[in-house]
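Please look over the sequence and the model shown below before reading on. The report that follows describes how the parts of the chain are packed.

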Amino acid sequence: MGTPHPEPNVEELKSWELVIKSWLSLGLTAGVCLELFSLIGSWFIAAVEPLSQGITNVATKRLQGRKFNIGLDWPFIAGRAEVWACANVLAPIMLIEAVLLSNVGNGILPLAGIIAMGVTPALLVVTRGKLLRMIIFGSLLLPLFLLSGTLIAPFATELAKGVGAFPEGVSQSQLITHSTLEGPVEKLFGWAIGNATTGDIKAILGALAFLVFYVGIFAWYRKQMIKRNEEYAANAK
């Protein structure tokens, strides 16, 4: 133990100075991330747009009206300005929600995942590019991503250490995870199933309720997508 400072409250003041410096440093880092993200997003749109347009031109010229499905969705989606506009708005919302949810289970400060690429492409497809809906739905879904990312952090960290991929220079007590990894509902469902395997009645009932909810949402979404495809087919005639 160190020798107490002869002046009263000096050690406490120094402790608060460190805390304030940490807050200011973190705030500056978050601000830089948000600013750079907006700038880099505009570069990415410009870089991907020629590829997207080139693929469209080749398909139009070569296929001559024939239907041909290719698994190359990202170059098309990334060129849509709505994706990046929505991500710009959701970035500060995600930070605010992360702080507010820190008392109810969230353990992620999403600076590295501030781009939210696990969310915005899906929002574009589901809402047909309606920006306001993308922002509203995204704001409601982000807590699920944050909480599910917190749940998988111990497993992701253990796996990284097991395969020798844990970052050097990072404290061994730190956890690593992904703030907007796809499939947050499935991760929460897996967590519920894991708890149910303990034999606890409440956990089993919770997992069953989750299953009913999940199947219901999936059935509703499938119905909506079929209806949308029928509308597209009717408009194409």
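Where is Arg 128 found? Arg 128 is found in the loop between α4 and α5, and the sections below place that loop among the helices.

## Basis of the description

This is a predicted model, in which local features need pLDDT of at least 70 and side-chain atom pairs count only at pLDDT 80 or more, while totals for chains, interfaces and linings use all residues. Residues are numbered from 1 along each chain as its sequence is written, and side-chain values use heavy atoms, with hydrogens and water left out.

## Overall fold

The protein chain has seven helices and zero strands, so that helices and strands here are DSSP runs (H or I of at least four residues for helices, E of at least two for strands) numbered from the N terminus. Read along the sequence, the pattern is α-α-α-α-α-α-α.

Of the 237 residues of the protein chain, 27% count as buried; buried means under 20% relative accessible area, exposed means over 50%, and partly exposed lies in between, with a 1.4 Å probe and protein chains only. Among the contacts with a separation of 6 or more, 67% are accounted for by residues 24 or more positions apart, where contact means heavy atoms within 4.5 Å.

Two packed helices are described by the angle between their axes and the distance between the axes. The axes are lines fitted to C-alpha atoms, for helices over the stretch in contact, and the angles run from 0 to 180 degrees between N-to-C directions. The axes of helix α3 (residues 81-100) and helix α4 (residues 120-127) come within 9 Å and cross at roughly 120 degrees, and α3 and α4 are therefore oblique to each other. By the cut-offs used, angles under 35 degrees are roughly parallel, over 145 roughly antiparallel, 65 to 115 roughly perpendicular, and the rest oblique. The contact is made by Glu 82, Val 83, Cys 86, Ala 87 and Leu 90 of α3 together with Thr 120, Leu 123 and Leu 124 of α4, and its residues divide into six nonpolar, one polar and one charged. In this division Ala, Val, Leu, Ile, Met, Phe, Trp, Tyr, Cys and Pro count as nonpolar, Asp, Glu, Lys and Arg as charged, and the others, Gly among them, as polar.

The axes of α4 and α5 come within 9 Å and cross at roughly 130 degrees, which makes α4 oblique to α5. On the α4 side, Thr 120, Leu 123, Leu 124 and Thr 127 meet Arg 133, Met 134, Phe 137, Gly 138 and Leu 141 of α5, a set that divides into five nonpolar, three polar and one charged.

## The loop residue Arg 128

Arg 128, in the loop between α4 and α5, has a positive phi of about 60 degrees although it is not a glycine. Most residues other than glycine have a negative phi. With a relative accessible area of 38%, Arg 128 is partly exposed.

## The nonpolar core

In soluble globular proteins, nonpolar side chains tend to be buried together. The largest nonpolar core here has 18 residues, and those with the most contacts inside it are Cys 86, Val 119, Leu 123 and Leu 146; such a core is a set of buried Ala, Val, Leu, Ile, Met, Phe, Trp, Tyr and Cys residues joined through side-chain atoms within 4.5 Å. Helices α3, α4 and α5 (131-162) each supply at least two residues of this core, and the largest share, six residues, comes from α3.

Leaving out residues up to four places away in sequence, Leu 146 touches Met 94, Glu 97, Ala 98, Leu 101, Asn 106, Ile 108, Pro 110 and Ser 179.

Ser 139 is found in helix α5 and counts as buried at 17% relative accessibility; beyond residues up to four places away in sequence, Ser 139 touches Leu 90, Ile 93 and Glu 97. Phe 145 also lies in helix α5 and is buried at 7% relative accessibility. Leaving aside neighbours within four places in sequence, Phe 145 is in contact with Gly 118, Val 119, Ser 179, Thr 180, Leu 181, Glu 182 and Pro 184.

Helix α5 and helix α6 (residues 184-196) pack at an angle of about 45 degrees, with their axes 9 Å apart, which makes α5 oblique to α6. Here Leu 144, Phe 145, Ser 148, Leu 151 and Ile 152 in α5 meet Pro 184, Val 185, Lys 187, Leu 188 and Trp 191 in α6, and these residues divide into eight nonpolar, one polar and one charged.
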